[in-house]
Amino acid sequence: MKIIQKLLALVGLLSLCALFIYALQDAPTDENFEKKLINDYNVYALQVPSYLDFAGEPMPLKSPDILERMDKELLVNTYWQSNGLLMFKRAKKYFPIIEPILAKHGIPEDFKYLAVIESGLTNAVSPAGARGIWQIMPATGRENGLEVNDNVDERYHLEKSTEVACKYLLKSKEELGSWTLAAAAYNAGNAGISRYLREQNVKNYYDLLLGEETGRYIFRIVALKEILTNPAKYGFNFREKDLYNNVPTYKVEVKTEIHDFTKFAEEYGINYKILKIHNPWLREPKLNNRSGKSYTIEIPEKGYYVTQ
C-alpha cells in the first residue's frame, strides 16, 4: 500500500512540474506574443489618406482635429464589418437607381453616400418621423410633391424620394455656397447651418463647432465613400455574386381603387409580400385612390420568385 502511495505521489509531482514548465513556455513573452499575432485576429491602426474630398471639395486634413475626426470614422466603419459588408451588398442594388437621378440634376455622385449614412440603404424610420432611404420628413415630402398619408407614402418610393432629395440639395447649395455645407444642411437644415456660420463668424463646415450628429456627418459620408470605393484596402473581401441585385420589373398603371392587394398580386402571379417588396410606398392592403390619380406599380418579371 505504501509503495502505491509513493508512486501516486511521484506521478502527482511529475504532473505538477510538467504544468509549471508548460506555463513558463506559454507565458506571453514579447517573442511568442508576436508569433501568435500572425495567426490570430488582428486590429490595425489605419492610415488616413493624405487627400480626401467630398464632392471635389478637399478636407483640411493638416488640421489635427480634422485628421482625428476622419481617423475615428474610418476606424468605426472599417471594423463594423457586418454592417460594412451589407453596405457593399445594398450599394450594388440601389446605386444604379440613385446615380442617374443625381447626374440628371447636376449633383455630384458623392451624394449617394449621404443616403448610405442616412438609412443604411434601407427604408428606415427615424424617431423624428423621417422615412425611406433618403429619410425625408413628412412636410418636406409634401412640399416637394410627394403623397404622404396612411395609404400612400411616396417617401418610400426610391426614384421619387431621390428627386426630392436632389431639389433640397440644390436649394441648399444655392443658399450656402458649397456642396459640403449643403450636405451638412441635409442633417441640420439650411436655417440651422446658416445660423451656426453667422454666430461663429466662419465660412465653411470644417471651422464650425457643431453637435455630435452634424459634427460627424461629413466625416461619416467621406469614410463610407473611401471604404466603399476601396474594399480590399480596408479588408473587405467578396465576390460579385455575393452582392444584391435588382429584380427586373415591368410597370402597371392603375387609375382606380384597389380593394384587395392580395387578389391584385395573384392576378400577376405573385403574392402580397412580393408586391409590397417592390412597392413599399403602398402602405395598406388596399389603394383608396378616390380621385382617380394615376399610379405606377412595379411587378417583377416571371421566374425570379418561387411562390406556392
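Student: How many nonpolar, polar and charged residues does the lining of the largest cavity have, by class?

Tutor: The classes here put Ala, Val, Leu, Ile, Met, Phe, Trp, Tyr, Cys and Pro under nonpolar, Asp, Glu, Lys and Arg under charged, and the others, Gly among them, under polar. Sorted in this way, the lining of the largest cavity has five nonpolar, three polar and no charged residues.

Student: What kind of model is this, and what pLDDT does the protein chain average?

Tutor: This is a predicted model, in which local features need pLDDT of at least 70 and side-chain atom pairs count only at pLDDT 80 or more, while totals for chains, interfaces and linings use all residues. Residues are numbered from 1 along each chain as its sequence is written, and side-chain values use heavy atoms, with hydrogens and water left out. With pLDDT being the predictor's confidence in each residue, from 0 to 100, 87% of the residues score at least 70, and the average for the protein chain is 90.

Student: How many contacts beyond near neighbours in sequence does the stretch of residues 1–8 have?

Tutor: A contact is a case of heavy atoms within 4.5 Å. Over residues 1–8 the pLDDT is below 50, and the number of such contacts in the model is zero.

Student: How much space lies in the largest cavity, and which elements give two or more residues to its lining?

Tutor: On a 1 Å grid over the protein atoms alone, a cavity is a set of points where a 1.4 Å probe fits but cannot get out, whereas a pocket is an open set with protein on both sides within 12 Å along at least five of seven lines, and lining residues have an atom within 4 Å of a point. Grid points are joined across faces, edges and corners, and a volume is the space filled by probe spheres set on them; the largest cavity holds about 40 Å³. Its lining consists of Asn77, Asn83, Gly84, Met87, Leu224, Ile227, Leu228 and Phe236. Counting helices (H or I, at least four residues) and strands (E, at least two) as DSSP runs numbered from the N terminus, the elements that give two or more residues are helix H4 (81–104) and helix H10 (212–229).

Student: Which element gives the largest share of the lining of the largest pocket?

Tutor: The largest pocket has about 610 Å³ of space, and of its 26 lining residues the closest to its centre are Tyr94, Ile97, Asn246, Ile277 and His278. Elements giving two or more residues to this lining are H4, helix H7 (158–176), helix H12 (272–278) and strand S4 (295–300). The largest share, four residues, comes from H4.

Student: Which residues lie nearest the centre of the second largest pocket?

Tutor: About 390 Å³ of space lies in this second largest pocket, and helix H5 (112–119), H7, helix H8 (179–188) and H10 each supply at least two residues of its lining. Of the 18 lining residues, those nearest the centre are Glu118, Gln135, Met137, Tyr186 and Asn187.

Student: Why is H8 said to be largely enclosed by the rest of the structure, and which elements do its buried residues pack against?

Tutor: Buried means under 20% relative accessible area, exposed means over 50%, and partly exposed lies in between, with a 1.4 Å probe and protein chains only. H8 is largely enclosed because eight of its 10 residues are buried, among them Trp179, Leu181 and Tyr186. The buried residues of H8 pack against strand S1 (53–54), strand S2 (57–58), H5, H7, H9 and H10.

Student: Is Tyr234 buried or exposed?

Tutor: Tyr234 is found in the loop between H10 and strand S3 (249–254). Leaving aside neighbours within four places in sequence, Tyr234 is in contact with Leu46, Pro49, Leu74, Thr78, Glu226 and Ile227. Because its relative accessibility is 7%, Tyr234 counts as buried.
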